[in-house]
Amino acid sequence: MRAIAVSEYGATPAPMNLPRPEPGPGEILVKLVAAGLNPLDWKIADGMLKDSVDVPFPLILGQDGAGVVDEVGEDVTRLRHGEQVYGAFLDAERGLGSYAEYALVRDDGPVARMPEGMIYTQAAAVPTASTTALAMVEEARVDTGQTVLVVGATGGVGQSAVQLAARTGAKVIATARDDMAGTMRRLGADETVDHSKGDLNRQVLAVHSDGIDAVLDVVSDTTAVEHIAQMLRPGGTYVSTTWAVNPDAMQARELRGVNYQGKPTAELLDRLSDLIDAGALRVRVEHEVPLEEAAEALAANRAGGARGKTVLRV
Ligand SMILES: NC(=O)c1ccc[n+]([C@@H]2O[C@H](COP(=O)([O-])OP(=O)(O)OC[C@H]3O[C@@H](n4cnc5c(N)ncnc54)[C@H](OP(=O)(O)O)[C@@H]3O)[C@@H](O)[C@H]2O)c1
């Protein structure tokens with residue numbers, strides 16, 4: 001099958017012809033139509049799992065995908081041949097990922113029926129970013145009447161986080177450069193602050209002088225987190241996807257600090273399908289390119305400036 005893989009950590013992702021995986025007991029083989037790109041993909045190609053997983057090479061890249069159930073192994077009960085599904089297909093221990101014609105997932109793994117109103121290229125953009133956003137909003141216990149700042153709001157996770165935080169009734173402040181301020185408001189942000197135009201705290205505190213209740217942050221490093229956290233009121237929560245929070249230091253200041261490690265699940269995907277079909281969550285596909293252009297798409301994502309999701313057509 002056609003796939004995009006790396007022959008070693010640090011190598012340029014390249015098209016390869018690799019064996020089609022066979023579903024074992026409890027496994028589902030999915031013929032992918034689209035793969036969603038996440039920063040995780042180039043981080044793994046760089047060697048993020050080097051010390052934690054014994055990865056075989058070539059390693060097929062990619063976590064997110066959408067396609068059709070092609071074959072099911074023994075004991076699979078939840079999904080059937082021909083069903084349209086989306087999910088997280090990365091299996092680094094076996095060198096398998098979603099940038100390929102076929103991928104495996106366990107019947108009890110992170111796979112679910114696609115939202116009815118979506119096509120494959122949209123559905124492939126959902127799993128990692130939107131399950132992360134949903135979990136972050138819940139982890140922060142965002143609620144009506146609170147004020148929440150989303151840092152990194154214009155990217156894949158951030159756009160879903162803005163919409164899901166706004167649904168709780170909280171007031172949402174989104175970071176956005178000028179070109180994205182209007183989009184952020186249409187997604188539900190009450191206010192925007194431009195991180196390229198000076199200190200975030202100064203901009204936020206100019207309107208919210210008594211502070212804010214929660215920060216959902218997908219970009220900041222430890223130094224930036226410490227600074228931004230100064231805006232939180234006692235009892236506030238800081239959730240970071242970049243593992244930049246020091247929970248003990250936060251606790252000492254009567255704050256709750258959470259380093260979120262995402263794990264898409266079938267349950268989260270089912271909930272996202274319901275939200276999408278109810279019109280409560282939209283996902284913006286910014287770039288759609290052929291699978292063979294994965295290396296260029298990954299390089300572009302690494303360079304920054306995402307304005308939505310990138311999807312590879314398999
Ligand atoms: N721990 C987990 O489980 C988990 C799960 C999902 C994602 N993540 C991580 O979360 C991060 C974001 O993922 P993503 O998919 O949303 O990335 P993305 O789609 O590439 O978006 C990042 C966004 O952040 C903006 N940005 C960059 N620097 C900023 C700053 N200083 N202030 C405000 N906004 C800024 C970028 O726009 P500009 O460049 O124009 O500023 C871009 O729109 C990645 O590092 C990813 O690996 C972790």
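Predicted model: local features only at pLDDT ≥ 70, side-chain atom pairs only at ≥ 80, totals over all residues.
Strands of a sheet pair through backbone hydrogen bonds, either parallel or antiparallel. Strand 1 (residues 2-6) is joined to strand 4 by two bridges, and the two run antiparallel. Look for Val6: Leu59 in strand 4 stands opposite.

Now turn to the ligand. Where does the ligand lie relative to domain 1 (2-126 + 283-313) and domain 2 (129-259)? Both domains give residues to the shell around the ligand, so the ligand lies between them. The shell holds 22 residues. Lys43, Arg177, His195, Gly262 and Ala306 are the closest. Sorted by class, 13 shell residues are polar, six are nonpolar and three are charged.

His195 uses its side chain, with a polar atom 2.7 Å from an oxygen atom of the ligand. Arg307 also brings in a side-chain N or O atom, 2.9 Å from a ligand oxygen.

How much of the ligand does the protein bury? Taken alone, the ligand exposes 930 Å², and the protein buries 82% of that. Two elements give two or more residues to the shell around the ligand: helix 1 (39-46) and helix 4 (156-167).

Key: Residues numbered from 1 in each chain as written. Heavy atoms only, no water. Near = heavy atom within 4 Å. Polar contact = N/O pair within 3.5 Å; in protein donor to acceptor, adjacent residues only side chain to side chain. Areas by Shrake-Rupley, 256 points an atom, 1.4 Å probe, with all protein chains shown as cover. Helix = DSSP H or I, 4+ residues; strand = E, 2+ residues; numbered from the N terminus. Nonpolar A, V, L, I, M, F, W, Y, C, P; charged D, E, K, R; others polar. Domains from an automatic or database assignment. Pairing = 2+ DSSP bridges.
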